Amino acid sequence: STPTTVTNTSKTNSSNEVKAISAQVVLPSSSLSSSSISASSSSSSSSSSSSSAGASGGGGGGIQPFSGTVISLPSRPQPIYSTITESGDILVTSADGKSVDRYELHTSTSQLKSFSSLLMGGSISPRCIAYASLQQHGGQLLAIADRDTVYVYTYPSLKFKYSVRANTACGLAFSYNGYLLVSSVTSHTVSIFERIGGKSRQQRSPGELLLEITGLRSPRGVVVASSGEILVADTDNKRVAVFSRIEHGCGFVREFGTDVLRYPSSIAFNASTNRVYVSDRGIMPDIATGKH
């Protein structure tokens with residue numbers, strides 16, 4: 001189940017684009033200094049676990065437009081999920097379910113420098129994806145989910161580390177200390193699995209189930225704050241649900257976005273600005289006026 005790499009460094013005319021057209025929904029803060037939701041009207045669903053995550057409680061606020069970025073991709077099937085690595089490479093799964101595409105950009109111009117396809121061996125059909133750079137607990141890790149299994153590799157060497165069973169995984173994340181989190185829309189849970197190098201009294205192996213977060217309805221995106229709090233795009237409950245850190249048992253803490261979110265699907269966090277970004281298929285704002 002080790003991916004092989006096919007590289008193409010030539011420039012390619014694009015027929016596919018990842019296009020970010022967004023609006024901010026600013027929420028009042030509670031325990032954190034500032035927080036916001038970004039509702040994207042992009043056709044692709046993306047999530048990132050290379051950043052930490054956090055959020056504040058509260059209701060809605062005003063919508064503020066901000067500019068997006070268009071990245072031209074080689075002629076590939078529709079992009080579905082994406083993540084970004086420590087070096088700035090963009091990893092994308094596509095609708096054909098056969099590969100993970102890696103795009104390297106010029107840092108000064110954000111133009112495509114090269115791309116390669118990580119062709120999955122055997123019967124793996126990549127769906128969602130997550131990346132983390134951890135000083136301990138495995139270094140750089142890449143998690144790739146197909147319909148019922150999540151595979152974890154080192155990155156960029158793509159050495160297989162472990163796999164976990166997960167029914168219809170729609171969201172993946174690593175905690176800051178290496179635990180793997182997997183959301184499932186059919187079991188309505190977020191499952192948390194043992195990390196690499198974890199030292200527990202039970203002497204669990206990497207990939208063994210630790211905890212399950214319940215009380216959700218078709219959760220999709222999941223991300224972990226630098227504080228350790230877990231944020232879940234609880235899709236059918238039309239909210240972002242926040243849970244305590246893994247070491248504290250993942251108890252429910254608060255929710256936000258219930259008055260503005262309609263179909264939250266993926267979620268990310270920028271630790272440097274302390275902002276939460278949520279992709280919501282139901283919000284289609286007019287960028288010029290800020291109205292829905």
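This briefing covers the nonpolar cores, strand pairing, backbone features and aromatic pairs of the structure above. The model is predicted. Its largest nonpolar core holds 34 residues, and strand S12 gives the most to this core, with five residues. Four strands form an open antiparallel sheet in the order S15-S16-S17-S18.

**Nonpolar cores**

- Within the largest nonpolar core, of 34 residues, the members that touch the most others are Leu142, Ala143, Val150, Leu172, Phe174, Leu180 and Val182.
- Two or more residues of this core come from each of S11 (129-133), S12 (140-145), S13 (149-154), S14 (160-165), S15 (169-174) and S16 (180-184).
- Strand S12 makes the biggest contribution to this core, five residues.
- Another core of 15 residues lies apart from the largest one, and its members include Leu181, Val222, Ala241 and Phe243.

**Strand S11 and its pairing with S12**

- Strand S11 is largely enclosed by the rest of the structure, because four of its five residues are buried.
- S11 and S12 run antiparallel and are joined by five bridges.

**The open sheet S15-S16-S17-S18**

- The sheet is made of four strands, and their pairing is antiparallel.
- S15 and S18 (209-213) are the edge strands; each has a single partner strand, so one side of each lacks a neighbour in the sheet.
- From one strand to the next, the twist averages 20°.
- S17 (residues 189-193) pairs with S18 over four bridges in the antiparallel sense.
- Serine 191 has glutamate 212, in S18, as its bridge partner.
- In a regular strand, side chains alternate between the two faces of the sheet.

**Backbone features in loops**

- Serine 218 sits in the loop between S18 and strand S19 (219-224).
- Serine 218 is likewise not a glycine, yet has a positive phi of about 55°.
- The relative accessible area of serine 218 is 10%, and the residue is buried.

**Aromatic pairs**

- Three aromatic pairs are found in the structure.
- One of them joins tyrosine 131 and tyrosine 155 edge-to-face, at 5.8 Å centre to centre and with 85° between the planes.
- Tyrosine 131 belongs to S11 and tyrosine 155 to the loop between S13 and S14, so this pair ties together parts that are 24 residues apart in sequence.
- Tyrosine 131 and tyrosine 155 are both buried.
- Tyrosine 153 and phenylalanine 160 have ring centres 5.9 Å apart and planes at 70°, so this pair is edge-to-face too.
- Tyrosine 153 is buried, with a relative accessible area of 0%, whereas phenylalanine 160 is partly exposed, with 36%.

Terms used: Residues numbered from 1 in each chain as written. Predicted model: local features only at pLDDT ≥ 70, side-chain atom pairs only at ≥ 80, totals over all residues. Heavy atoms only, no water. Core = buried A, V, L, I, M, F, W, Y, C linked by side-chain atoms within 4.5 Å. Buried < 20%, exposed > 50% of the residue type's maximum accessible area, 1.4 Å probe, protein only. Pairing = 2+ DSSP bridges. Axes fitted to C-alpha atoms, helices over the stretch in contact; angles between N-to-C directions. Phe/Tyr/Trp six-rings, centres within 6.5 Å; stacked < 30°, edge-to-face > 60°.
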